[in-house]
Amino acid sequence: MNSNDKVMERFDKHIAHSYGRMPLAMKKGAGRRCVDENGKEFIDLGSGIGTNSLGYCDEKWADAVCAQVRTLQHNSNYYYTEVQAEFAEKLCAMTGYTNIFFGNSGAEANECAIKVARKYSFDKYGKGRHNIITLVNSFHGRTIATLSATGQDVFHNYFFPFVEGFINVEANNIEDLKQKLDDTVCAVMIEYVQGEGGVNALSQEFVDAIYDLCAPKDILVIADEIQTGVGRTGKFLAGEHFGKKADITTLAKGIAGGLPMGACLMNEKCSGVLTPGTHGSTFGGNPIACAGGLAVLDRLGSEGFLDEVCNKAAFIKSELEKCSEVSSVSGLGLMVGIQLKTKKAAEVARAALDKGLLVLTAKDKVRLLPPLTISYDELKDGLGILISILEE
Ligand SMILES: *Cc1c(COP(=O)(O)O)cnc(C)c1O
């Protein structure tokens, strides 16, 4: 039995089998490469589902995190910390939001957004205006409320009863939206690019329609930027590509470079909604996660960083479009969906593993979410392996 197998056997004995795991036991990583228990090296074009935004164990990030571990690892949210204040200041400065609630995951950020939207409406209009429109094929998380919000039937099994108050509209169908946007609705929740749903960007017309129809009725727009945010698409927020700023934006995944952190960002309008006792989290805004987050924001704010993300995205697209097995490339920035002509995405991901490459899938597409810091050499190597598998 090799070292990978030994770890996998111990792991599977006691850990819930809630994931379709790949046969890889990851031991360590540096930069954009990781190594398994057998010592085999991988180029990682998935970055832990877009979470290791600066790659593995980035020096400056690790220094900031370690320094914080040795200073203050946790405090109750009944007290203040400077590191959380500083992180919030920078995040607000980079996004234009005024108020933040910190949690520990994407689902928690969305739970917060749902609560804020409902309370905003209740405070202003009273009962009966609690429905939230979400899109078919969306993904908003695994808690009961965020599962209920998720517009994919495959997720709506077993866990009945689901939370009421979510209405699904077909993405890019303005008529469907118009019909369902009645006076029971307090918010519309969207992903500008549906990630888990297959790396599909919304159309500019549809996004325009959402904002145009919601504004006069004081219906809030919630942008779930858990996957698209924090530089992933080449802008700090994907909404910038569409010229839009939602009332509420949620972030997680890449925000703290691989530490658990979720953020619910609110504009002026929503800033007063959460009052003492209405929401909370023991770990939310943890100092170590904030220190990691500050290191991520510092890097993203550095001269030319996001332009480079766009350049790398263009490079990936042009390389992939030369491949005869690729029928189309979707997504935005370093969030890439690859539609194949004849091969199965899951089989490609598995074949890539054997050849020292990590890629993801989304529905029937191969999905790439490389670290934002990836170099052209690493991209060339990684894409070379992928294309060789596709053209086999
Ligand atoms: C990953 C993801 C979530 C859920 O985040 P967790 O941290 O797994 O709870 C929610 N929405 C989107 C768009 C995501 O990509």
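Let's start in the loop between α6 (144-149) and β6 (166-169), where Pro-161 sits. This is a predicted model, so keep that in mind throughout. The peptide bond leading from Phe-160 into Pro-161 is cis. Its omega is near -5°. As background, most peptide bonds are trans.

Staying with the backbone, let's turn to phi. Most residues other than glycine have a negative phi. Two residues here go the other way.

Take Ile-49. Its phi is positive, about 55°, and it is not a glycine. Ile-49 belongs to helix α2, residues 47-50. Is Ile-49 buried, exposed or partly exposed? Its relative accessibility is 34%. The cut-offs are under 20% for buried and over 50% for exposed, so a value in between counts as partly exposed. Ile-49 is therefore partly exposed.

Now Val-230. Here too phi is positive, at about 55°, and again the residue is not a glycine. Val-230 is placed in a loop, the one between β10 (220-224) and β11 (248-251). Its relative accessible area is 4%, so Val-230 is buried.

One more loop residue. Asn-286 lies between β12 (262-266) and α9 (287-300). With a relative accessible area of 15%, Asn-286 is buried. What does Asn-286 touch, leaving out residues up to four places away in sequence? Gln-73 and His-74.

Next, the sheet. Four strands make it up, in the order β1-β2-β3-β15. The sheet is open, and its pairing is mixed. At the edges are β1 (26-30) and β15 (357-358), each pairing on one side only. In general, strands of a sheet pair through backbone hydrogen bonds, either parallel or antiparallel. Look at β1 and strand β2, residues 33-36: they run antiparallel, joined by four bridges. Within that stretch, Gly-29 is opposite Cys-34 of β2.

On to helix packing. I'll take two pairs, and α12 is in both.

Pair one is helix α11 (residues 345-354) with helix α12 (residues 376-390). Their axes are 10 Å apart, and the packing angle is about 125°. How do we class that? Angles of 65 to 115 degrees count as roughly perpendicular and those over 145 as roughly antiparallel, so an angle between those ranges is oblique. α11 and α12 are therefore oblique to each other. The crossing is right-handed. On the α11 side, the residues in contact are Val-348, Ala-351 and Ala-352. They meet Leu-386, Ile-389 and Leu-390 of α12. By class, that contact has six nonpolar residues, no polar and no charged.

Pair two is helix α10, residues 305-321, with α12. The axes of α10 and α12 come within 11 Å and cross at roughly 25°. Angles under 35 degrees count as roughly parallel, so α10 is roughly parallel to α12. This crossing is right-handed as well. From α10, the contact uses Glu-308, Asn-311, Lys-312, Phe-315, Ile-316, Glu-319 and Leu-320. From α12 come Tyr-376, Leu-379, Lys-380, Leu-383, Leu-386 and Ile-387. What is the make-up of the contact of α10 with α12? Eight nonpolar residues, one polar and four charged.

Key:
Residues are numbered from 1 along each chain as its sequence is written. This is a predicted model: local features need pLDDT of at least 70, side-chain atom pairs count only at pLDDT 80 or more; totals for chains, interfaces and linings use all residues. Side-chain values use heavy atoms; hydrogens and water are left out. Buried means under 20% relative accessible area, exposed over 50%, partly exposed in between (1.4 Å probe, protein chains only). Axes are lines fitted to C-alpha atoms, for helices over the stretch in contact, and angles run from 0 to 180 degrees between N-to-C directions. A crossing is left-handed if the near helix is turned anticlockwise from the far one by less than a right angle, and right-handed if clockwise. Contact means heavy atoms within 4.5 Å. Ala, Val, Leu, Ile, Met, Phe, Trp, Tyr, Cys and Pro count as nonpolar, Asp, Glu, Lys and Arg as charged, and the others, Gly among them, as polar. Two strands pair if DSSP finds at least two bridges between them.
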